[in-house]
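Please look over the structure below.

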Amino acid sequence: MRKQISLALISATIAALGGVCFPAYADKSIPVADFFKKPQYGGAPILSPDGKNIAVLTPRNGRFVLAVINLESRQSKVIASDPDWDIGRPFWVNNSRLAFSVTRGSDVVMEDQDGGGLFAVNIDGTNFRKLLMTIKEAKTGQKAYKPFSVVKRVSNESNDLIVVNNERGNDAALGASDLFRLDTTTGRTKLLTFDNPGKVGSWVVDHDLVVRIASSNSVDPDNKRIKQTVYYRDGEGQPWKQIYQAYHDEGNTINPLTFDFDNKTLLVAGRFNGQDKEAIYTWDFAKQTAGEMIADHPVADLNDVIVDEKRKKIVGTLAEGMTAEMIYFDEDYAKIDATLKASFPGQKVNFSWSGNNIVVFVSGDQNVGKVYLYDISKKSLEPIYSLKPELEGKKLSAQQVINYTARDGLNIPAYLTLPEGVPAKNLPLVAYVHGGPHARDSQGFDPLLQLMASRGYAVLQPQFRMSTGFGWKHHTAGWKQWGLAMQDDVSDGVQHLIKQGIVDKNRVCIIGASYGGYATMYGLIKDPDQYKCGINWVGVTDVKMLFTVTWSDMKGPVMDNIGAKMHGDPKTDGEYFKKVSAIDNAHKIKAPVLMAYGSEDIRVPLIHGEKMRDKLKAQGNEVEWMVFTGEGHGWAKESNRILWGETVVRFLDKYIGKNP
């Protein structure tokens, strides 16, 4: 990393790349690479605490460099760059200093992602300081890499940050961390949590920078279940007191979020009084339970809040149902939100506000992201840039929300993307199953989804039982349902579209990664006449191998407790594992399969794919096989992502792309 950075004006950054309206048309000739190339800018600009400057990750010589733009003068200065690294994750320390890390970006495979580190520099390019070595430097010096994560700024007048790392607890089975105060000009740290209740995974610091809440997870020696214990103290030097305990497998853990600005009112997210969805509450310290409910949502879990430190307000929360929406408690924020949404109907609008300036980031299923500057006093909206200008003027396909009823009566929400400009009748369908399975899809730009839709394929993304974010009942309905009701949820969605006449029953393919890869293989087993092909990347092929493959990261007390409840217990569920094993039932597969794995994957190691490949080939199945050398649980390198997109489309075109 170089301290001295050459001056550079990037006035073109404030340019008409991101106008509000563009001519829209469907274009099946969009190059595959355009969907997967890295964005031309590194995300949204970061507004300084005083609202006078923005920090931008802007391109130069094939790398992202860190520039600061003064919003009054429009003068720009590059303050951090390196010929071998992208600058990443900038963070304002105060109004005149920034911290950041470095990354290889999409230039290399996962195995070579050796960036990280932590650095700081003033906005005039002076007083550069390396605060933490990179992973590469740690490997070269044969040292342990001990990263800091930034928790919060100290103040506009301080060069310090509050950071967290796990150096003292890196051998703890369930994690243990400490908070430090880090001086970004000297690199010196001060331990803030020497006196702590032990093996703490997360902390809450009040607005006077006193550590007040500690949340710890431990294995109960009596039953081996994972138990959360939350501790509280009245102030610095005061004793820690236990205020809450719950088992994770019951869904009653809480997430302590923040103190209000009185430093007395604690906000938490959790489920109380039998409520299915997580909501946000104040905490009643007298009764040691939830107090007033601040916000809830009928279909989505709420588990975070937005804090405005300058105005000393808790201003809102994000409700991410099938369509994300902001719930604002503060009237001023609500008015700004309404104004911006009126300018960008149907888009997801996020903004940061300080002084007269608001940085606006607009995105959506058909929009990778555009950035605008809104001046409150002038009521003017100025385009800054588009993340992927190569897709401007090309209308992508809308990701609409649908609901259907599973065969046992459970409501299944799903996303349905129909190819733009094509009648919704007798379309070829891709059933695209998300990973996890305790995860979910979200509405927004997905390069593979949009590529498939641009080539004429309808795409169904079912949020099957076990998916998270839609309440505890929806999640737990999927426990130990691999290959059973979870699989039926996918199949029922396909049948729903066939009955409506949207989908051609003879042209359906099932695809997915990780758990989605398992669902692909088992879908070909359970419904061999429904699917004409399958695409599985980094997919589980045998559920019991989640527990028995010892070089995987899927091991330890979490898998022993919650993992066994969700996925099956290797001590007692042998018959279940045999029934739902894709490998043990591979003889039922008839359709051709495309399979791809990363050579360095420790989440779903290569053996999952190799064993399935060998069995399918031995019985004469048509199998295309790929190994991405150096990649892990997905593809980090841009050229690999492009190659994968090209391979997927070619495979789909071959088996379901043309009318029979």
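Asp-284 stands opposite Thr-289 of strand S20. Strand S20 covers residues 289–295 and runs antiparallel to S19, with four bridges joining the two. Strands are DSSP runs of E with at least two residues, helices are runs of H or I with at least four, and both are numbered from the N terminus. Two strands count as paired if DSSP finds at least two bridges between them.

This is a predicted model, where local features need pLDDT of at least 70, side-chain atom pairs count only at pLDDT 80 or more, and totals for chains, interfaces and linings use all residues. Residues are numbered from 1 along each chain as its sequence is written, and side-chain values use heavy atoms, leaving out hydrogens and water.

**Strands**

S19 and S20 make a hairpin with four residues between them. In that turn, Gln-288 has a positive phi of about 55 degrees. S19 also pairs with strand S18 (residues 266–270), antiparallel and over four bridges. There, Leu-267 has Thr-282 of S19 as its bridge partner. S19 (residues 279–284) is largely enclosed by the rest of the structure, because five of its six residues are buried. Buried means under 20% relative accessible area, exposed over 50%, and partly exposed in between (1.4 Å probe, protein chains only).

Another sheet is open and has four strands in the order S1-S2-S3-S4, with antiparallel pairing. S1 and strand S4 (76–80) stand at the edges with a single partner strand each, so one side of each has no neighbour in the sheet. Strand S2 (residues 53–60) pairs with strand S3 (residues 63–70) over eight bridges. Ile-54 has Ile-69 in S3 as its bridge partner.

**Aromatic rings**

Rings of Phe, Tyr and Trp (its six-membered ring) pair if their centres lie within 6.5 Å; planes under 30 degrees apart are stacked, over 60 edge-to-face, and the rest tilted. The count by this rule is 30 aromatic pairs. Tyr-41 and Tyr-385 are stacked, because their ring centres are 3.9 Å apart and their planes lie at 10 degrees. Tyr-41 is in the loop between helix H1 (32–36) and strand S1 (46–47), and Tyr-385 is in strand S27 (residues 380–386), so the pair ties together parts 344 residues apart in sequence. Both tyrosines, Tyr-41 and Tyr-385, are buried.

Trp-635 and Trp-644 form an edge-to-face pair, 6.1 Å centre to centre with 75 degrees between the planes.

Contact means heavy atoms within 4.5 Å. Asn-640 sits in helix H12 (residues 638–656).

| Residue | Relative accessible area | State |
|---|---|---|
| Asn-640 | 12% | buried |
| Trp-635 | 10% | buried |
| Trp-644 | 4% | buried |

Some rings carry a charge over the face (NZ of Lys or CZ of Arg within 6 Å of the ring centre and within 35 degrees of the ring normal). Arg-212 lies over Phe-259, at 4.5 Å from the ring centre. Arg-225 lies over Tyr-247, at 3.8 Å from the ring centre.

**Helix H9**

Helix H9 (residues 557–567) is mostly covered, with eight of its 11 residues buried. Among them are Pro-557, Met-559 and His-567. The buried residues of H9 pack against several elements, including strand S14 (211–219) and helix H10 (574–580). Just after H9, Gly-568 takes a positive phi of about 115 degrees.
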